[in-house]
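Colleague: Could you walk me through this model? I would like to hear what stands behind each label you use.

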Amino acid sequence: MTANANANATRVLVLNSGSSSVKYQLLDMADGSRLAVGLVERIGEDSSRLAHTPLATGGTKREITERIPDHAAALQAVAAELAADGLGLDSPELAAIGHRVVHGGNQFTEPTLITDEVLTEIERLIPVAPLHNPANITGIRTAQALRPDLPQVAVFDTAFHTTMPEHAARYAIDVATADAHRVRRYGFHGTSHAYVSRETAKLLGKDPSEVNVIVLHLGNGASASAVQGGRCVDTSMGLTPLEGLVMGTRSGDLDPAVIFHLARNAGMSVDEIDSLLNKKSGLIGLCGDNDMREIRRRIDEGDEQARLAFDIYVHRLRKYIGAYYAVLGKVDAIAFTAGVGENAAPVREAAVAGLEELGLAVDAELNAQRGDSARLISPDYARVAVAVVPTDEELEIATQAYALVSA
């Protein structure tokens, strides 16, 4: 794959291919503006849906509801919608297609131009990312078929975390077994942690190399990271996205013996336990809801099960804040991001409540305010800044992809 021949091309199409969905954004890197955004969901089902919004033309959202049989058809439909707005994939202004790839192992530490050899390596990592990497590969191959002449760039969720020292990345199991089967902490949500840690430093008026930040990416999937001078030194997700914080449907940290106990005493298979821990645990397992807004509504109505789920969620969050404070030694800021982190003021308040001795506090009035831009919610006297920083993974992917092909 060669670089785009048009040196003036500044547009990047970002594709995030899931097992049954494709999220996409078309950005112009000349100014970082979004030209179009969209989502194809329920691919392969009779109720497939494509929602497309052409921002460049100020157009209104368009929806198509018809069966989309596979990812190839999905991307062809996306290409047709873009072309209808004069933003087609054949445009000479398109510099690259950037792909989110969830697992890059240890070998992919930066955005990478996709070649046959790179695809082979991504395939080799499927055993440690069986839900994500196959879908990412399908999206890449389909995009290559549509524009074989265009640079395709993989941006890996795990890349930002490859700077972790061995004592943070290694599990305390037999080294030979771990190495043979690639068992170690990789971490995920890396594009979000990278973007948010940099934006937090900018909010403080400092260079990222001067700032230590604890980033809390709280969505349906949730992860924490300790970022020291712009480099990740620890993160909560591990071999897979199951480890760490309590999430919407995932358990997070768990005594490994729970798995043996369920197999021996409940007669559950490995697949049943996998489904339990990834899809039926976390908030939904604790109270039947994985939407924090609904949980807070139930708490306001006196629902004790919802209250317990919230308390368990916050307790785990506070443990990681304390742990990463110890890892970093000095903390300049804590940044909340993603759906829950950006919008759930009660979560932010509860996460730092009682931690004044660590220099942490939130201003109730600032915390209650909503906004689309990065902002501080800590009082002026707090030693550690507490911030809400909206994440922008698509912009991060586009920025990295464009920097690579421009170079």
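Colleague: What makes you say that β12 is largely enclosed by the rest of the structure?

Modeller: A residue is buried if its relative accessible area is under 20%, exposed if over 50% and partly exposed in between, with a 1.4 Å probe and protein chains only. Five of the five residues of β12 are buried, so the strand is largely enclosed. Both faces are covered: A333, A335 and T337 are buried on one side, I334 and F336 on the other. The element names come from DSSP runs, numbered from the N terminus: helices are H or I of at least four residues, strands E of at least two.

Colleague: Before we go on, what are the ground rules?

Modeller: This is a predicted model, in which local features need pLDDT of at least 70 and side-chain atom pairs count only at pLDDT 80 or more, while totals for chains, interfaces and linings use all residues. Residues are numbered from 1 along each chain as its sequence is written, and side-chain values use heavy atoms, leaving out hydrogens and water.

Colleague: How confident is the predictor, by mean pLDDT?

Modeller: The pLDDT gives the predictor's confidence in each residue, from 0 to 100. Its mean for the protein is 93, and 98% of the residues reach 70 or more. Over residues 1–5 the pLDDT is below 50, and this stretch has 17 contacts in the model beyond near neighbours in sequence; contact here means heavy atoms within 4.5 Å.

Colleague: Back to β12. Which sense does its pairing with β9 take, parallel or antiparallel?

Modeller: Two strands pair if DSSP finds at least two bridges between them. β9 and β12 have five bridges and run parallel, with V213 opposite A333. β12 is also joined to β14 by four bridges, again in the parallel sense, and there A333 has A385 as its bridge partner.

Colleague: In what order do the six strands of that open sheet come?

Modeller: The order is β11-β10-β9-β12-β14-β13, with mixed pairing. β11 (231–235) and β13 (375–376) are the edges: each has a single partner strand, so one side of each lacks a neighbour in the sheet. β11 pairs with β10 (residues 222–228) in the antiparallel sense over four bridges, and A226 stands opposite D234.

Colleague: And why are β5 and β7 placed at the edges of the eight-stranded sheet?

Modeller: That open sheet has the order β5-β4-β3-β2-β1-β6-β8-β7 and mixed pairing. β5 (62–64) and β7 each have a single partner strand, so one side of each is left without a neighbour. Inside the order, five bridges join β3 (residues 33–41) to β4 (residues 49–53), which run antiparallel.

Colleague: Why is the pair F108 and F156 called stacked?

Modeller: Rings of Phe, Tyr and Trp (its six-membered ring) pair if their centres lie within 6.5 Å; planes under 30 degrees apart count as stacked, over 60 as edge-to-face and the rest as tilted. By this rule there are two aromatic pairs. The ring centres of F108 and F156 are 4.6 Å apart and the planes are at 5°, so this pair is stacked. F108 lies in the loop between β6 (94–101) and β7 (112–113) and F156 in β8 (residues 152–156), so the pair ties together parts 48 residues apart in sequence. F108 counts as buried at 8% relative accessibility, and F156 is buried at 2%.

Colleague: What makes Y320 and Y324 edge-to-face?

Modeller: Their ring centres are 5.6 Å apart and the planes are at 75°, so the pair is edge-to-face. Both lie in helix α11 (residues 304–328), four residues apart, about one turn of the helix.

Colleague: How do you know that the charged end of R296 sits over the ring of F310?

Modeller: The test asks for NZ of Lys or CZ of Arg within 6 Å of the ring centre and within 35 degrees of the ring normal. The charged end of R296 sits over the F310 ring, 4.7 Å from its centre.

Colleague: Last one: which residues touch the most other members of the largest nonpolar core?

Modeller: A nonpolar core is a set of buried Ala, Val, Leu, Ile, Met, Phe, Trp, Tyr and Cys residues joined through side-chain atoms within 4.5 Å. The largest has 44 residues, and L216, L218, M292, Y313, I334 and V347 touch the most other members. α11 gives the most to this core, with eleven residues. Apart from neighbours within four places in sequence, M292 is in contact with L283, F310, Y313, V340, A344 and V347. A second, separate core of 30 residues includes M164, V227, I397 and A398.
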